[in-house]
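This report describes a protein chain and the side-chain contacts found in it. The account begins with a charged contact and then turns to the aromatic rings and the chain as a whole.

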Amino acid sequence: MSFFYSLGMRVFLFIEKAFRNSKLFVLIFEIMLSVEKSFLNSYFKNIYPSNDFISFFKKE
C-alpha cells in the first residue's frame with residue numbers, strides 16, 4: 001500500500017512542479033498580482049474595513 005502512496009505522491013509532485021514552471025501559471029500569477037496592487041491603490045480600499053474596525057467595539 002505504501003508503494004502506491006509513494007508512487008502517487010511522486011506523480012503529483014511532478015505534475016505540481018511542471019504546472020508551477022509553466023507559462024500559464026506565471027501569467028495567471030502576474031495578473032492576480034497586478035489586480036491586487038490596483039486594489040491596494042484604489043479608492044475602494046478606504047471603504048473596506050481596516051484591522052482597527054473591531055477595536056471600535058472593544059473600546060466601549
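A salt bridge is counted where a side-chain nitrogen of Lys or Arg lies within 4 Å of a carboxyl oxygen of Asp or Glu. The model examined here is predicted. In this model, the side chains of Arg20 and Glu16 form such a salt bridge, with an N to O distance of 3.5 Å; by this rule the count comes to 1 salt bridge. Both residues belong to helix 1, which covers residues 2-20, and they are 4 residues apart, about one turn of the helix. Arg20 has a relative accessibility of 48% and therefore counts as partly exposed. Glu16 is likewise partly exposed, with a relative accessible area of 30%.

**Aromatic contacts**

The structure holds 3 aromatic pairs. The rings of Phe3 and Phe4 have centres 5.6 Å apart and planes at 65°, so this pair is edge-to-face. Phe3 and Phe4 are both exposed. Phe25 and Phe29, by contrast, form a stacked pair, with 6.0 Å from centre to centre and 20° between the planes. Both Phe25 and Phe29 lie in helix 2, residues 23-40; their spacing is 4 residues, about one turn of the helix.

| Residue | Relative accessibility | Class |
|---|---|---|
| Glu16 | 30% | partly exposed |
| Arg20 | 48% | partly exposed |
| Phe25 | 24% | partly exposed |
| Phe29 | 46% | partly exposed |

**The chain as a whole**

How many helices and strands does the protein chain contain? There are 4 helices and 0 strands, and from the N terminus on the elements run α-α-α-α. Of the 60 residues of the protein chain, 0% count as buried. The chain exposes about 6300 Å², and carbon and sulfur atoms supply 70% of that area.

Definitions and conventions: Residues numbered from 1 in each chain as written. Predicted model: local features only at pLDDT ≥ 70, side-chain atom pairs only at ≥ 80, totals over all residues. Heavy atoms only, no water. Helix = DSSP H or I, 4+ residues; strand = E, 2+ residues; numbered from the N terminus. Buried < 20%, exposed > 50% of the residue type's maximum accessible area, 1.4 Å probe, protein only. Areas by Shrake-Rupley, 256 points an atom, 1.4 Å probe, with all protein chains shown as cover. Phe/Tyr/Trp six-rings, centres within 6.5 Å; stacked < 30°, edge-to-face > 60°.
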